[in-house]
Structures are given as C-alpha cells and as structure tokens.
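Subject: Structure handover

Hello,

Here is the structure we talked about. Please open it and follow along with the notes below.

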Amino acid sequence: MILLVLISCKKIQNEKEVTLSETNTIGFPFKLPEKKPNRAMSKASARNYDAYSAPRPSQNELYSQFKYTELKGFDYNNDDGTISRRDPSKVIFANGKYYVWYTHRHTPTPPQGAEKSNDTIPSSDWDLADIWYATSEDGFTWQEQGVAVPRPPKPNVGWRSVTTTDILEWEGKYYLYYQGFMEASGKRGDDCPVAVSYADSPDGPWTPHNKIVIPNGAEGEWDQYSIHDPYPLVYKGKIYLYYKSDFDGDPELVRMQGLAIADNPLGPFTKHPLNPVINSGHETTLFPFMEGIAALVIRDGNEHNTVQYAADGVNFDIASITYLMPNAAGPYIPDAFTNTDYGKGITWGLSHFTNATIWSQNHAILARFDCDLSLDIHDPDMKRAHEYYKPEFYFEHGLNEKQKNRILKENKNRE
Ligand code: AAL
C-alpha cells in the first residue's frame with residue numbers, strides 16, 4: 001500500500017516535473033530578467049532571485065568589495081611588537097570630528113604566550129592592554145588622544161586586560177563595553193565576561209561600572225567561557241548587543257554570534273533564546289539596514305565571507321558572498337543609535353590587521369576600509385565580483401612542508 005502511494009507520488013512528482021519543465025518551451029532568456037520569471041527553474045536559477053535582493057551583485061545593495069587605506073597618525077615603534085592597536089570600535093561623529101576607541105598594548109616585549117607571561121610580559125596581543133582613543137577630521141589621518149579606560153585595580157573586572165571595546169550613545173550619554181580579563185588570555189582559553197564604563201562626553205572621563213554586564217553562559221552552554229566583541233546597536237527602542245563566543249573547545253574552536261537585549265545600558269541584558277543567531281564569523285560587525293539588521297560575517301564557519309541580513313534582527317540569511325572582508329571592522333554608522341526604522345547602511349570604517357609583520361614581533365595595526373553597503377550611494381567600482389590578483393599573491397599562498405611531502409609520497413606510490 002505505502003509503496004503504491006510512493007510510486008504514485010513519484011509519478012505525480014515526475015509528472016509534475018515533466019509537466020512544469022514542459023512549460024519551458026523556450027530556453028532561459030538571454031536578457032537577464034530583473035524579476036523572477038514565471039517558468040520552471042533549477043534551484044540555482046530560482047535562488048538567484050529568492051536569496052538575493054537583485055539577480056546581479058552589482059545591483060545587490062548588500063554586496064560590496066572592500067578597499068583598504070593605510071592610516072596616518074599612529075606610531076608602532078618600528079613594528080617591533082611592543083606597541084599594538086587592534087579591535088577598533090564603531091566610529092562616531094561628535095564635536096565636529098570622528099572618534100574611535102581600540103585595544104592599545106604597550107609592553108616591554110611582544111606577546112610571549114601564556115606560559116612566559118607575567119605582570120609585564122603579555123601572553124597574547126590583547127593581554128595587558130587598555131582602551132585608548134583617537135580623533136580625526138577626515139577618517140584617514142588620526143590624532144591619538146590617549147587612554148580612555150585603563151585597567152582597573154585588582155580584583156575589579158578587567159584588572160588583567162580591558163580590550164575589544166565598542167561604543168553606545170543612549171539618552172545623551174556614552175557607554176563603552178569591553179572584554180574584562182581577570183587572567184592572562186590563553187591560560188585557560190580566551191575567557192572573559194563583558195564590562196562597561198560610561199561618560200557624558202566622548203572625551204571622558206569614563207566611570208567604570210565595575211560589574212559584569214554580559215555574564216558568561218551557564219555551565220555547558222555555548223557561551224560559558226567567552227563573551228567577546230560586545231557590539232551594541234539601538235533597534236526597536238532597545239539596546240541590541242551582539243557578541244561572539246568561542247566554543248566546542250580546542251583545538252578547533254567554533255565561533256558563532258549571539259544577541260543580548262536590554263532597556264538600560266547598565267543592564268540587565270537578556271540573552272535571546274534562539275542564540276546563537278549567526279552560525280559563522282569572528283569579530284562582530286553589524287548595522288541597521290532597511291527595517292532590519294545586516295552583518296559582516298568574516299572568517300570562520302560555513303558561512304564565512306558573507307554579508308547577512310535579518311529583517312527582525314534575529315533570523316539572519318545570506319544576502320551576498322564577498323571577499324577580502326575587513327577584520328574586526330568598526331564602521332561609521334550614522335544611524336547606529338538613532339533607533340531608525342529604516343537603516344541606510346555603511347560606506348567606511350576602521351579595521352585591523354593582526355600579526356602585521358612577523359610572529360616574533362606580533363602586533364596589530366589599524367587600517368581604514370571603504371565599501372558600498374549603503375542605500376545612499378551607488379559606487380559601481382565597489383560592486384565588481386572579481387579582482388585580478390598577480391601570480392605572486394597566489395604563490396604566497398603556497399603548500400606547506402607537510403602538504404608537499406604528502407604529494408611527493410603520492411607521486412612515489414604512483415611509480
Ligand atoms: C579578537 C576578538 C576578541 C578576542 C581576541 C581579542 O579577534 O575576537 O578580542 O578575545 O581576538
């Protein structure tokens with residue numbers, strides 16, 4: 001009986017498929033239809049209309065290339081690894097200039113790993129760090145202003161290192177969220193909760209709240225150890241704070257992103273029951289877009305190198321696939337805190353390059369990225385779906401010794 005139904009369904013299905021495809025009496029049109037044509041379509045042809053806001057990347061508002069500019073104004077002590085600047089916040093415009101905050105490490109030596117670390121020797125590039133800030137007239141040349149949030153005295157949250165900060169403007173006051181380390185990163189993983197400091201002016205002074213505002217998850221939960229890259233936006237009249245966590249344990253950490261929501265910058269924050277809401281990516285970068293939230297999902301996970309979109313700020317889909325995405329991007333988002341119901345998107349920001357020279361001088365540098373993920377501009381030179389890399393660029397990404405030996409062995413076995 002069951003077999004009969006299956007055969008008849010298959011038959012119906014086959015019949016249906018047969019009949020549908022039979023409707024395609026002519027081939028797919030030469031001129032790419034702007035709208036989804038009413039014809040039988042393969043999954044891929046249908047997806048080109050269902051999954052993207054336009055059938056061409058050049059017309060897809062959430063597709064962009066990324067262009068990079070070296071910044072002026074930051075000294076890295078001849079790149080000897082003793083000075084590092086990384087994980088920039090979102091850029092804001094206030095008092096007629098741009099502001100950015102970032103992790104600043106100035107230590108006697110480059111990072112030496114958890115074993116060799118001590119009160120002055122850093123374990124990692126973001127160990128023994130404080131949060132500094134800089135301002136700029138044009139976003140290319142920056143004036144470093146100095147420390148904004150120093151490490152608090154022991155045993156306050158963040159006494160070992162305060163890093164990876166991001167800014168929120170709420171009811172005329174400013175809030176800096178940051179990772180607060182209570183031990184050298186790497187001793188027991190990159191474990192830390194999130195803390196916050198507040199001020200009436202972007203120039204400070206900043207008052208530490210000295211309490212954990214985004215706690216680690218319960219034992220056994222995905223975010224039980226690390227709450228990283230706190231990233232607040234104002235959305236639907238509330239604070240939507242996205243964050244990353246590293247889980248599943250070493251050696252191959254899994255990175256995903258979650259959401260915590262609050263009505264007050266000092267909390268309580270409620271973690272969204274559907275967390276994680278983004279299944280890939282590393283540092284968090286998101287912005288209001290149309291009635292929803294868009295996200296840059298950079299490295300790590302099946303959906304790395306994608307721009308994603310959630311019309312509700314929670315359920316993200318891939319909106320485009322791109323490349324050379326900015327690491328730890330802090331965009332300039334004019335409507336990040338305006339509680340907009342129709343976000344306009346982004347065109348530039350700051351990002352970082354880690355291990356800017358060699359591991360023995362391990363340090364990171366800040367850089368500027370530009371893109372066209374904005375409804376207000378249309379820059380065709382940002383919307384090309386290909387880059388012509390020189391052979392050297394590919395040969396730089398060469399085989400390692402282990403791979404070469406494997407191939408040599410395979411060749412030997414073939415003889
Ligand atoms: C970055 C961020 C967090 C991590 C470390 C410093 O990429 O994800 O800040 O803790 O790496």
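Start with the aromatic rings. Phe93, Tyr98, Tyr332 and Trp348 make up one aromatic cluster. Keep in mind that the model is predicted.

How many aromatic pairs does the structure hold? There are 22. One of them joins Tyr177 and Phe269.

Tyr177 belongs to strand 8 (residues 173-181). Phe269 sits in the loop between strand 13 (254-262) and strand 14 (270-271). The pair therefore ties together parts that are 92 residues apart in sequence. Are the two residues, Tyr177 and Phe269, buried or exposed? Both Tyr177 and Phe269 are buried.

Two rings have a charged residue over the face. Lys90 lies over Tyr231, at 3.8 Å from the ring centre. Arg368 lies over Phe140, at 3.9 Å from the ring centre.

Next, the cavity. A search of the whole structure turns up 1 cavity of 30 Å³ or more. The largest cavity holds about 100 Å³ of space. Its lining has 15 residues. Nearest the centre are Pro88, Thr165, Asp229, Tyr231 and Thr284. Strand 7 (161-170) and strand 11 (228-235) each give two or more residues to this lining. By type, the lining splits into 5 nonpolar, 5 polar and 5 charged residues.

Best wishes

Definitions and conventions:
Residues are numbered from 1 along each chain as its sequence is written. This is a predicted model: local features need pLDDT of at least 70, side-chain atom pairs count only at pLDDT 80 or more; totals for chains, interfaces and linings use all residues. Side-chain values use heavy atoms; hydrogens and water are left out. Rings of Phe, Tyr and Trp (its six-membered ring) pair if their centres lie within 6.5 Å; planes under 30 degrees apart count as stacked, over 60 as edge-to-face and the rest as tilted. Helices (H or I, at least four residues) and strands (E, at least two) are DSSP runs, numbered from the N terminus. Buried means under 20% relative accessible area, exposed over 50%, partly exposed in between (1.4 Å probe, protein chains only). A charge sits over a ring if NZ of Lys or CZ of Arg is within 6 Å of the ring centre and within 35 degrees of the ring normal. On a 1 Å grid over the protein atoms alone, a cavity is a set of points where a 1.4 Å probe fits but cannot get out, and a pocket is an open set with protein on both sides within 12 Å along at least five of seven lines; lining residues have an atom within 4 Å of a point. Grid points are joined across faces, edges and corners, and a volume is the space filled by probe spheres set on the points. Ala, Val, Leu, Ile, Met, Phe, Trp, Tyr, Cys and Pro count as nonpolar, Asp, Glu, Lys and Arg as charged, and the others, Gly among them, as polar.
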